[in-house]
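Okay, thanks for coming, everyone. Let me put the model up on the screen and then talk you through a few spots in it.

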Amino acid sequence: MVFGHDTEASLVAAVALANSAEPPDTLGTVAALDEYYVEHAYSGRHDRTRAELDEVRALRPALRALLTADRDEAVALVNELLARHHAVPQLLRHDGSDWHLHAVENDQPFATRIAVETAMAMIDVIRADEMSRLAVCADEDCQGIVLDLSRNRSRRFCSTTCGNRAAVAAYRARQAERV
Ligand SMILES: [Zn+2]
Ligand SMILES: [Zn+2]
């Protein structure tokens, strides 16, 4: 594991959310947000309303900016987010998860909690000087964010779809050379 379990879970969730904005947008309905909430094992307030969905959708550009920022830019964004939301880190243990950090109350809007949780996770990334774990997909036509938590830093594509497309293209290029 590169970071703590809660940090890694927050990063995975933040990247998935930012990437959902890439065409075709995959976060268009309250049901899709519900799926996201369950898939990433969130706890706390979840309104299941259009207003909540709109807030979470509107958060995506800021998440993308934070996740793809250089280290010093990321520091400014993290500090700003934590100050704006009056983050107070507290260790909690609940729902079968071991001690981990929450920095805003569970009754805060879902979008607020995602933003603060991502900022908290980025603290670890910044302090460990591991910004290179985050990159834009190696596929030229894709702007998806890649989170590489592998030991040998081998991940280059945001999804298996992009990875497979690149493998097929490389295979075709080799075949063409042979003719
Ligand atoms: Zn928790
Ligand atoms: Zn991609």
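This is a predicted model: local features need pLDDT of at least 70, side-chain atom pairs count only at pLDDT 80 or more; totals for chains, interfaces and linings use all residues.

Residues are numbered from 1 along each chain as its sequence is written, chains are lettered from A and ligands numbered from 1 in the order they are written, and side-chain values use heavy atoms, with hydrogens and water left out.

Helix 4 to begin with. Helices here are DSSP runs of H or I with at least four residues, strands are E runs of at least two, and both are numbered from the N terminus. Helix 4 covers residues 71–84, so 14 residues, and spans 20 Å from first C-alpha to last, close to the 20 Å expected at 1.5 Å a residue (that's 1.5 Å times one less than the number of residues). Its buried residues are Ala74, Val78, Leu81 and Leu82; buried is under 20% relative accessible area, exposed over 50%, partly exposed in between, with a 1.4 Å probe and protein chains only.

What about the ends of helix 4? At its start, a side-chain oxygen of Asp70 comes to within 3.2 Å of the backbone nitrogen of Asp72. Just after the helix, His86 takes a positive phi of about 50 degrees, although it isn't a glycine. His86 is in the loop between helix 4 and strand 1 (90–94), and is exposed at 64%.

Next, Glu8, in helix 1 (residues 5–19). Glu8 is buried yet has no salt bridge; the nearest oppositely charged side chain, Arg133, is 7.6 Å away. A salt bridge means a Lys or Arg side-chain nitrogen within 4 Å of an Asp or Glu carboxyl oxygen. Leaving out residues up to four places away in sequence, Glu8 touches Met1, Val2, Phe3 and Leu149.

Last, loops. Pro23 and Pro24 are joined by a cis peptide bond, omega about -5 degrees. Ala41, between helix 2 and helix 3, also isn't a glycine but has a positive phi of about 50 degrees.

Conventions: Lys and Arg count as positive and Asp and Glu as negative; His and the chain ends are not counted. Contact means heavy atoms within 4.5 Å. A polar contact is a pair of N or O atoms within 3.5 Å; within protein, one must be able to donate a hydrogen and the other to accept it, and residues adjacent in sequence count only if both atoms are side-chain atoms.
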